[in-house]
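Hi,

Here is the structure I promised to pass on.

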Amino acid sequence: MTDRPRLAVIGAGPAGLAATLAAAAEGVRVTLVDSAPQAGGQFYRQPASGLGARRPQALHHQWRTWRRLRAGLDRQLTAGHVTHLTDHHVWCVERHPVGITVHALRGPLQEDGVTVDADAVVLATGGYEKVLPFPGWTLPGVVTAGGAQAMLKGGLVLPGRTAVVAGTGPLLLPVATGLAAAGTRVAALVESADPKALVRHSRALAALPVKLAEGAGYAARLLLRHRVPLLARHTVVEAHGDDRLDAVTVAALDAGGRVRPGTRRRIACDTLAVGHGMLPHTDLAATLGCRLDGVAVEVDDEQRTDVPGVWAAGEATGIGGADLALAEGHIAGRSAAARLTGRRPDARTWTGAARSRAALRGFFAALDSVYAPPAHWTEQVTDDTLVCRCEEVPACAVRAAVRELGAGDVRTVKLLTRAGMGWCQGRMCGPAVAALTGCPPTPARTPFARPVPLGVLAGQGRDTQTGPPDNPPDGKDPHDD
Amino acid sequence: MNPLELTDARPGPAFTVTFDGREIDALPGQTVAAALWAAGVTSWRGTRGAGRPRGVFCGIGVCFDCLVTVNGRPNQRACLVPARPGDAIRTQDGTGHDD
Ligand SMILES: Cc1cc2nc3c(=O)[nH]c(=O)nc-3n(C[C@H](O)[C@H](O)[C@H](O)COP(=O)(O)OP(=O)(O)OC[C@H]3O[C@@H](n4cnc5c(N)ncnc54)[C@H](O)[C@@H]3O)c2cc1C
Ligand code: FES
């Protein structure tokens, strides 16, 4: 057992779990590292165990897939082939001549440093939601759509009594449905795209009738059972309130993506759940020097990045939902296991996964072109609207950096305005700064994926851990429950 | 229906934490943000520049908007940190280091 190769998988969402199970099944020891207290990632986020939810599936779909993943993980934990390090926030992955070292901060307070040594790594860090600025978007009560969903699935709490769900993209439907089912009055689902445009992409979509049925099922439940009005080709132009949200103004969009005059109307609400699509988490890949393809990690047919020993799967390599994440994770796990045991991977062992990967990538490329933010959304961003939430940089400063100071790229705008220099390191404002300045969007490049206490950086309080112990007492990490 | 009923939850016994000195109830496993939300509190930070109120935004540890002071330690992400019995949670003003 000691000479089995060791694989570190970062992220315990669908992609990381599929990679873990595929690699462990082929005799590789896996250390699964995740910042959350439980496995599942964003899609299968579980209620905190102390809440004793007996029917968590009421907030989920594809529960059977989750049960299969969870059972597979439990089996591998018991067999001692997999160790699951929960509550471990990875801030850097380091590559050296004999393998890789994963550096993490342990626990909710993230103070102790932990390292995991392995022979290779799969990055399955998922993504986060993109939100474009509009007047009032910093008011308490305005949350990301996925964030509202995460607080509901994980903490079993609702943000408020009356919500508007707005923005663009397929995530809005499950979020609105989840909130409505859990007792929030959803006053409107405001979608800037025109779902009828999906018809133009019928070829890519027809390849996946299941996905379409899933979307249609959501829409039907939402519109009929919960009586949520759907405002297609509408956008939120402003969120109102003094110290917290009390209403939003929405307006219709014309065919060119501009707000139609005379269509503004105010909707009272205490919550606005808003999102404009997703962005891949690429910071760990960037610190490793992996090549990016646009804003996602670039991978080959085996899910390998261009850096030897580093695989990537799931939304980190491009946004495409849980099923695509599962397929990519499976391929990454198989490929890594083969290469770590000195074999050439045989793509015939993942034909099914490769087929669904191809179909799902096509499907999401089609969705992407339909669910784009309104073409002229920046016209709604007033000069005093904050663009960078952390550093409180208003749109006028970003605009002036280009118009008056001649900045020609996002980096220069950042140096001149501090937009993107704060805590989140531009994860939130990056796309908006790019759009407002006309610069190409670039992923936020940070030296570390998380803020790191100086003591940990200096190597103090460091505690080394090298993958699963050979004879774990019960195969489980003490933090895993 | 509320989310606890919907999922047929039988949480462990509720406990109290304080928010700016006021007692509020929390359930085991909930994050500080979830406990505050459940109590109807949506903001717990004043920004460094304009002192504007902020609370949860991304809900998953990415945006750092939800920073809060817990037991005298500022800059804790409320959406990640679990609430514990007796926690003294305080609104964080600015960097939280001037208290
Ligand atoms: C907030 C949110 C809510 C969503 N809700 C839905 C939904 O309801 N329905 C739907 O169809 N899709 C939803 N999605 C989309 C969803 O992300 C994908 O469909 C799917 O979960 C992707 O799987 P994944 O394995 O690639 O990533 P994820 O499921 O996102 O898993 C990534 C995992 O990596 C961990 N991680 C990331 N960085 C680090 C690090 N540095 N150190 C340690 N661990 C790390 C995360 O904690 C997470 O557990 C949501 C996305 C977000 C961001
Ligand atoms: S709400 Fe974004 S980090 Fe907590």
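**What I found**

A:Val413 sits in helix H11 (residues 410–417) of chain A; helices here are DSSP runs of H or I with at least four residues, strands are runs of E with at least two, and both are numbered from the N terminus. Before I go on: this is a predicted model, where local features need pLDDT of at least 70 and side-chain atom pairs count only at pLDDT 80 or more, while totals for chains, interfaces and linings use all residues. Residues are numbered from 1 along each chain as its sequence is written, chains are lettered from A and ligands numbered from 1 in the order in which they are written, and side-chain values use heavy atoms, with hydrogens and water left out.

Back to A:Val413: its relative accessibility is 0%, so this residue counts as buried (buried is under 20% relative accessible area, exposed over 50%, partly exposed in between, with a 1.4 Å probe and protein chains only). Setting aside neighbours within four places in sequence, A:Val413 has contacts (heavy atoms within 4.5 Å) with A:Val398, A:Ala401, A:Val402, A:Ala407, A:Arg418, A:Val433 and A:Thr437. A:Ala434 is 21 residues away along the chain, and its C-alpha is 9.3 Å from that of A:Val413.

As for chain A overall, there are 13 helices and 23 strands. Of its 481 residues, 57% are buried. Among chain A contacts with a separation of 6 or more, 65% are between residues 24 or more positions apart.

Helix H1 (residues 14–25) of chain A is worth a look too. Its 12 residues reach 16 Å from first C-alpha to last, close to the 16 Å expected at 1.5 Å a residue (the expected span being 1.5 Å times one less than the number of residues). How enclosed is H1(A) by the rest of the structure? Largely, because 11 of its 12 residues are buried. Those buried residues pack against strands S1 (6–10), S2 (29–33), S3 (82–85) and S7 (120–123), plus helices H2 (63–79) and H8 (321–340), of chain A. Just after H1(A) comes A:Gly27, with a positive phi of about 90 degrees.

Now the interface: 54 residues of chain A are in contact with 49 of chain B. The area buried between them is about 4100 Å², and carbon and sulfur atoms give 61% of this (buried area is the accessible area, 1.4 Å probe, that two parts lose on being put together, summed over both). On the chain A side, A:Met151, A:Glu392 and A:Trp423 lose the most area to chain B, together 15% of what that side buries.

The rule finds 3 salt bridges across this interface (a side-chain nitrogen of Lys or Arg within 4 Å of a carboxyl oxygen of Asp or Glu). A:Arg389 forms a salt bridge with B:Asp65, the closest N and O atoms being 2.5 Å apart.

Last, two residues in chain B. B:Asp8, in the loop between helix H1 (3–6) and strand S1 (15–19) of chain B, has a positive phi near 50 degrees without being a glycine. B:Asp8 is partly exposed, at a relative accessible area of 24%. B:Asn71 also isn't a glycine, yet has a positive phi of about 50 degrees. You'll find B:Asn71 in the loop between strand S5 (67–70) and strand S6 (73–77) of chain B, partly exposed at 44% relative accessibility.

Cheers
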